[in-house]
Amino acid sequence: MSRPTALAIAAAVNAGSSARVAVEASLAACEADTLNAVIRVHRDRALAAADAVDARIRAGERLPLAGVPIAVKDNICITGLPATACSRILKGYIAPYTATAVARLEAAGCVVVAQTNMDELAFGSSNETSCYGPARNPVDPTRVPGGSSGGSAAVVAAGYVPVSLGSDTGGSIRQPASLCGSVGLKPTYGRVSRYGLIAYGSSLDQIGPFANNAADAEAVLRAMAGADPLDSTSAAQQMEPTPAGDALRGARIGWVEAHTEGLQAEVRAALDATKARLQAAGATLVPVTLPHERFAVSAYYIIGTGEASSNLSRMDGIRFGHRAEAADLRQIYGKSRAEGFGAEAKRRIMLGTYVLSTGYYDAYYKKAQQVRRLICQDYEQAFTTCDAILGPVSPTTAFKLGEKLSDPLQMYLSDIFTIATNLAGVPGISIPVAQDAQGLPIGMQLQGPMFSDVRLLAMARALTPQ
């Protein structure tokens, strides 16, 4: 069902329409969810917030996102609401504070209507590791919506809400956006505060928006971006103005020959067609190389799991998380974590603990960080000759539920084109460009230099005009 864009809702509410009407429509859609994309609906809280927005408008305020319903991934904290990251280990946990990104969006007029399904603790590429069961793709419910932010992608693509929030550690916004057919932005590392995000890999995680168009995604980014004293890694860099004119005319768009290998035929055709559209729009295609990108998956699954192992050590049944009954403290730790974590979480914790252990730290974790530096340098060099890099998001369109669960390596390779973006800290955006023969969405990715988020959004807007 076609629904109004976020900017259209905000314009109407600022002009006197009721925020409550827009919010009630989204609440009804979320309550009728058949995709298992929504895990909690917050009707009373949302209606109270909508009434507060209406009161602010009557008092003379003008809010950039007035009355816009938004859904939030279950690893982003909101005061008084559960925040379980879809893991049994956090069952019953109620957030005592609100993530800075959410607080800023609510200040801008957004209304949180629901929390969305995700892979447990953001570990996954299909939304099948959730303790609430898998979310489903709105285009074909027999297929995955991608992960780990699968629920957030699905609720936007299905029209429940115009925008949602996810988190991206190695592709967890862009890959589900591609598989569901929405726009998904992984901002520059530090552009959006991570305060209130349940950490997976602290040097990789970034909160970002899903939307049905780039203009809505930009509006959400502008509302939540900026330095935050509660997050020492947040950046003080100001958001640049939206570029005037055609962002593609005269732009230099890089492409990497290696990104054409191993693709589903229809994804390869969509990549070629997108190149042709860019040239027709006045852009110049520039071949570039990222020589060390071939090591990105290996480096990521060392760095990311190492940081995850450290971050999740606090979920021990004493400080946080599910507590099992046992005879002594050591048994409480062991039994609580054995019962609380799912199989993929255990796999990543054990891998991360191993690469951080005495005798292996230098051989694995330190070496991975050195490779990461080389990947960063590759991007820096590439961006001396181009303004953005075009490539695929996922090697395939959405795969069947259960198809890759028994083969972790194949699941990990779903993110082969997105991981390097996080290692380098640069922004990346997934844009829907085509469909395969079965009608499944195909997304393409644009990556840009650090803090080029607004220019990437302008390019996306020019490439997929609404």
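**Close-up 1. Arg348 in helix H11 of the predicted model.** Helix H11 covers residues 343–356, and Arg348 is part of it. Arg348 has a relative accessibility of 3% and therefore counts as buried, the cut-off being under 20% relative accessible area. Leaving aside neighbours within four places in sequence, the residues in contact with Arg348 are Phe123, Gly124, Tyr200, Tyr301, Thr305 and Tyr412.

**Close-up 2. Leu121 in the loop between E3 and H5.** Leu121 is not a glycine, yet its phi is positive, at about 55°. Most residues other than glycine have a negative phi. The relative accessible area of Leu121 is 6%, so this residue is classed as buried.

**Close-up 3. Ala122 in the loop between E3 and H5.** Ala122 also has a positive phi, about 70°, although it is not a glycine. With a relative accessible area of 4%, Ala122 is buried.

**Close-up 4. The cis peptide bond from Gly147 to Ser148.** The omega angle of this bond is near 5°. Most peptide bonds are trans. Ser148 is found in the loop that runs between strand E3, residues 111–116, and helix H5, residues 150–157.

Methods. Residues are numbered from 1 along each chain as its sequence is written. This is a predicted model: local features need pLDDT of at least 70, side-chain atom pairs count only at pLDDT 80 or more; totals for chains, interfaces and linings use all residues. Side-chain values use heavy atoms; hydrogens and water are left out. Helices (H or I, at least four residues) and strands (E, at least two) are DSSP runs, numbered from the N terminus. Buried means under 20% relative accessible area, exposed over 50%, partly exposed in between (1.4 Å probe, protein chains only). Contact means heavy atoms within 4.5 Å.
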